[in-house]
Amino acid sequence: MPRWIHERKTEYYYQKAKEEGYRSRASYKLKQLDKEYQFFKNAKKVLDLGAAPGGWLQVASESIKGEGLVLGVDLKEIDPLDSENVETIQGDVTDPEIQNEIIAKFEGKADLILSDMAPNVTGIWELDDIKQIYLARIALMIADKILKKDGWMIVKVFMGPEHDSYIKDIRNIFEKVHIVKPKASRKSSAEIYLVAKNLKEKRNLPKIAIKNELLINEEEEKGPIPGDQLPEFDDDKTSKPIR
Ligand SMILES: C[S@@+](CC[C@H](N)C(=O)[O-])C[C@H]1O[C@@H](n2cnc3c(N)ncnc32)[C@H](O)[C@@H]1O
């Protein structure tokens, strides 16, 4: 067995997830964030973007005590969960038809939006970063349409060249934004989580465009992309059910 697989399989949160029946070690990131901010406290309707294999769905379903609705959306098929309040859609959140399906499900009444979305990494940091932030911007666009005024949004972003401009975007939309690295997130991973609360009355949404297969925020398009290298990504390659 290659060393990196061995290390991953003997890692603390990986083992804990296996023992406690969670589908991914990512479950503990969400639990730790909720311990600090208690966003599940009054939540009844939850959207989970990038939900496969379902670790966050399990935590969300338990945290709202099996009531309400947790809708998980992912490109990949999600094995059915044994919880009546969980529904899933297999689809691409960048597809307007899928977005409309999500919007119709919530009718402006979502209490909490979770986004742990990450693209398949190419190893070209600038491109991976642009793609990841594009997904996070789509999540903002959906939040603008379905979240209650006093709702919460938890979104993963990579700390790459696009990160600062995304923080500005999310601060244009939410009253409060916290930047957090939960303990369960590997130090070597470039990911951080933004915990945002209360939609602003007046919101400036980022403009999103697709160009030459690179996904670019039109307002940010200023020529060459800065060449800072991102640290190693890892968690996105571990998004398989733990067996
Ligand atoms: C890190 S994993 C999520 C892990 C999940 N939170 C859990 O606890 O099991 C990121 C997910 O984002 C999904 N994803 C990436 N791009 C997407 C897109 N355009 N639409 C929907 N899901 C997407 C991937 O398929 C992947 O399953």
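Leaving aside its neighbours within four places in sequence, which residues is Leu199 in contact with? Select Leu199 together with Leu147, Lys149, Gly151, Ile173 and Phe174, for these are its contacts, a contact being a pair of residues whose C-beta atoms, placed from the backbone, lie within 7 Å.

What you have open is a predicted model, in which local features need pLDDT of at least 70, side-chain atom pairs count only at pLDDT 80 or more, and totals for chains, interfaces and linings use all residues. Residues are numbered from 1 along each chain as its sequence is written.

Stay with Leu199, which lies in strand 7 (residues 191-199); strands (E, at least two residues) and helices (H or I, at least four) are DSSP runs numbered from the N terminus. Its C-alpha atom is separated by 5.8 Å from that of Ile173, 26 residues apart along the chain. Leu199 has 18 other C-beta atoms within 10 Å and is therefore partly exposed, the class between buried (20 or more) and exposed (12 or fewer).

Next, select helix 5 (residues 96-106) and helix 6, which pack at an angle of about 30 degrees with their axes 10 Å apart. Axes are lines fitted to C-alpha atoms over the stretch in contact, and angles run from 0 to 180 degrees between N-to-C directions.

Finally, select Ile154, which, leaving aside its neighbours within four places in sequence, is in contact with Leu33, Phe39, Leu114, Tyr193 and Val195.

Notes: Contact = placed C-beta atoms within 7 Å.
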